[in-house]
Each structure stands twice: as C-alpha cells, then as structure tokens.
Amino acid sequence: MQSLRLPFRLVNEQQQQQQSSLSNKTLMFHVEGALLRSSSLFPYFMLVAFEGGGIIRALLLFLLYPLVYLVGEEMGLKIVVFVCFVGIREDSFRLGRTVLPKFFLEDVGYEGFDVVMRHGRKIGVSELPRVMVEGFLRDYLGVEGVVGRELKSFCGYFVGLMEEKKWGSNFHHDIIGFGCSNKSLNQNLFSHCKVVYLVSEAKKANWQVLPREKYPKPLIFHDGRLAFRPSSKSTLSMFIWIPFGFFLGIIRIIIVLLLPYKLSIPISEFIGLRGTSSRPKTFSTPIKTNENSKGLLYVCNHRTLLDPIYVSMTIMKPLTAVTYSLSRCSEVLSPIKTVRLTRDREKDSKMLEKLLSQGDDLVVCPEGTTCREPYLLRSSPLFAEMSDDIIPVAIDIQVGMFYGTTASGLKCLDPVFLLMNPITNCSIKLLEKLPKSLTCDAGGKSKFEVADHLQAQIGKALKFECTSLSRKDKYMMLAAEFYEELQIGNRGKWLFSCRDLPGSLAVATL
C-alpha cells in the first residue's frame, strides 16, 4: 500500500474544478477515524448509560471500563454495548437524535468535516451501534447511507448484544474512501473504493474544532441532563461531586425559602449561585398609589425553571410567576407564588386580567418552553393584550455539570439537577419599559407586532438569534417519534452546505 500527499490548497481555477468533480462523487468515510477528533468512544457510551439507563448503570459502566482495555477492542465494545443497552426499550430510544448529536458536533474536526462535505453523496461507516450515530449523520451531515452495528432485541427491548457484521456488497466501484491510518478499516466495505484517503493521528491532533457557525444545520434543541462531555476524568469528578451536590442543593433551597432577599442573595452568591444584573438608569420599581392600580407585566425569555425567581430577586420584590407547565414538586419548593396556565386562550386571558386587576405584578415566559442554546423561540402573543405596562427582561443562565431542563425526563427533578451544579452563572438585563406607542391598547399595535418587537428586543440584548420555532417544534423533535424539518427566522430551511478549508491528507490505494 503506497501513500502519497494530496494537496488541497490549490489555485482558484484548479480548486473550482476539484470542487465540481468532488460534488459528483460518492464518499465512504469512517466516522470515528475521519470525522471525530477524539479517539475515545467512552463519552458517547457514558451518555447512553446515564441518560438512557440512569446513574446506577452509568456508575457500573465507569467501574467496568478499565476492563475494556484488557480484553481487546472487539470484546471491549461488546461489554460496553451490553452494559449500556440491555433492558432499554427499543421504540423509546431517541438519544441518537436528541442527546448525542450535540456532543458529536462538538467533537467534529473542521478539516475532516470539510473533506466530507465536499462530496455530493456520503456514506458513513461506524463501529458504534447504528442507533447511536444515524440521527447525527443524517440530520446534520446529510449522509445518505449509514453503516453501523445492529443491536439485537427481544419483545421490544434491547438485549445488549450486537448482530454479527454483515456488510452489504451492493456498492459501485466509483467511490472515494476516507479514514484514519491508525484505525483498521473494514476491508469488505472499503475494498469497493477506487481510492482511499488516510489521515494520521498526528494530523488529527492539530485539527480545529468545528465552529458553531459552520454547522450544516443550527443546533437549537437537544435533551439530556449532562452539560459536559463525560470523559473518564470528568465522569469521575461527577460521581465524587453528586453526594456533595445533593446536600448543597438542599441547603440552597432552604436559604431561598426561609431568608429574605437581602440575606439569601449574598449567601447564595457565596455558595455558587452567582449572578449579574443590569437595569436602565431610569428604571425604578413603581409604587402603587391606590388599591385599583393594575400590576406590571415582566416578560422574559425562558432558560430554566428558576427564571421568575431570578427576576424577583433582581428587583427585590416578590412576583407571581405565570407558567404553562410546572410539577407539583416545583410548586412546593418555589419561594414565590405560582399560577398555572391551561393553554385555553379564553380561560388564561381571564385569569391574567384578574391577577393584574388585583395589583399583582406578574412574570411570564411567553415562549412556553425552555431553550438551552442562544436562540429565542416564537412567543405567544397572549400577554400583549393583557397590559400596556410591560417590562422586557433578558435572561441567560449557564451551568457546568447538569441541565435543569428536560423534554423527556422527569420534570420534578429539574430543580434538583439545576441546584446540584457546583456553580451557576445567571445574567439578567432589565430593559426599558415598552413605550405606550408600541402597545396594543394605547398604541393600536396588534398582539403579534408587540410579541415580535419584544422578542427582537430581548434577542438584541442577549445577542441571541430569533426564530419562528415554537414549543410544538421542540417536542416534535425531542419527544415525538417522527418530526419534520424545521424553519429558522429568515434563514429558511436548514441546508447542508460545503465550505472551503485548506489542508492535506495521506492517500493510499487498496
């Protein structure tokens, strides 16, 4: 097998000819060797074990993983697959589409991605179970064919065993292969390739991380509790921290529930609940002059369950949180009053009018659901009809270990996981009160114009991108069995695109 150097940094005319020729070619690439920067598969299996099977299964995988290095690659793969998948319902396994894509994208090498995306048709080959990689490859890279290990199932449950390798042979021979020189390629598959490009581990070590703006499709929705890449070291840190984090979370809850804001805020800052706030110079908490004064409406974007509490702490005044969905546990633990909406427009509007007429100051998150990434979802315009006294609030919360939101898990555990984080950073910006000329009653604006204006105002303050996506779109993707391609703002459909990147790879002919 002879290896050569193939330069990709060509003059413009040659580069255009090469791009044109590659766009008509079919590429067969090894996912772990040619696309991902890291050579370790432990983080992906840990995600499956933790998110799909719980903390006990994740701990078992962590304790058994050193054995994997002693029994060889194939046997080690069979062990981790058994631990991660045995007993998991086949029809409810969605981690390959809802959790793993985020971590795959963060591990993609810019240079390998560029080579893959230059080709018109793409076939991904992986040693991982197909259910782990197919969602990522098809949804984010536009791969037409995915070749991976199949899992055996019985009565609708995975049994933790893989089918024997049965690779198809119906490939034409005008295929380009792309893999890593340090990883063995499947001879039955890559023997169909006319030429195979190989990259060394030394070259991969210098690969850059794929920037978010280069993602073929924006990463807006993803699920799961783990907010970090669970490498072996970081997973060890997590298991050591969990007992301390659980008791720290209880202490944080007690402090917020029992102490006034003037005491609870500095103590919370000291034990890791950090935050920054800003407000306009002209901002001041209005003082009601009579009992008939209507309450104010604070409208904020939705990042976590604690958004209304953070807003209340920022203005140092108890508010009433109006929510669409809240577990009974969260209601009991909330230090401020909560009111549930029914999603019946007529009933909800009457309820809001009644609360405001009683002089209650309300805080509402009109997106109706949380979004973890720097995007704003479409807001419900219901709030715009209720009051002309509207104060927009831009909020962003960053966590380092656990997400305090979930689409498919237990909602009652949301505050537990959020407060178990070693440190949370919250940034709140109180914006200028909405001018009367931009409201429904005094300004004659439609409720949709008011909602869109507030979304744009909050997005500008946070430097988030506004989208036309809704709560329904989120749950179609993260919780439904099938989902449609979604649309973002003015960017239209999510498209798969190619981008130029100089680099060089080793090439060998099989």
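This is a selection-by-selection tour of a predicted model.

**Whole chain**

Among contacts with a separation of 6 or more, 74% are between residues 24 or more positions apart.

**Helices 12 and 13**

Select residues 232-258, which are helix 12, and residues 261-270, which are helix 13. Then show the side chains of Phe246, Phe247, Ile250, Ile254, Leu257, Leu258, Leu259, Leu263 and Ile267. Together these residues form a nonpolar patch on the surface, with about 810 Å² of accessible area. Which helix gives the most to the patch? Helix 12 does, with six residues, while helix 13 supplies at least two. Centre on Leu257, one of the patch residues, which lies in helix 12. The relative accessible area of Leu257 is 37%, so this residue is partly exposed.

**Asp107 and Arg229**

Turn now to the salt bridges, of which the protein has 18. Select Asp107 and Arg229 and look at their side-chain ends: the closest N and O atoms are 3.5 Å apart in this salt bridge. Asp107 belongs to helix 7 (residues 100-107), and Arg229 sits in the loop between helix 11 (201-204) and helix 12, so the pair ties together parts that are 122 residues apart in sequence. Are the two partners buried or partly exposed? Asp107 counts as buried because its relative accessibility is 4%, below the 20% cut-off. Arg229, at 27%, counts as partly exposed.

**Arg130 and Glu150**

Move to Glu150 and Arg130, another salt bridge, with the closest N and O atoms 2.5 Å apart. This pair links distant parts of the chain, 20 residues apart: Glu150 is in the loop between strand 4 (145-149) and strand 5 (151-154), and Arg130 is in helix 9 (residues 130-141). Both ends are partly exposed, Glu150 with a relative accessible area of 34% and Arg130 with 23%. What links the four residues Arg130, Glu134, Arg138 and Glu150? They are joined in a network of salt bridges.

**Glu385 and Lys447**

Next select Glu385 and Lys447. They form a salt bridge in which the closest N and O atoms are 3.9 Å apart. Glu385 is in the loop between strand 14 (375-376) and strand 15 (390-399), whereas Lys447 is in helix 18 (residues 447-462); the pair links distant parts of the chain, 62 residues apart. Glu385 has 35% relative accessibility and therefore counts as partly exposed.

**Cysteines**

A disulfide is a covalent bond between the sulfur atoms of two cysteines. How many disulfides does the structure hold? The number is zero.

Note on methods:
Residues numbered from 1 in each chain as written. Predicted model: local features only at pLDDT ≥ 70, side-chain atom pairs only at ≥ 80, totals over all residues. Heavy atoms only, no water. Patch = residues over 30% accessible without salt bridge, like charges linked within 9 Å, V, L, I, M, F, W, Y side chains within 5 Å. Areas by Shrake-Rupley, 256 points an atom, 1.4 Å probe, with all protein chains shown as cover. Helix = DSSP H or I, 4+ residues; strand = E, 2+ residues; numbered from the N terminus. Buried < 20%, exposed > 50% of the residue type's maximum accessible area, 1.4 Å probe, protein only. Disulfide = S-S within 2.5 Å. Contact = heavy atoms within 4.5 Å.
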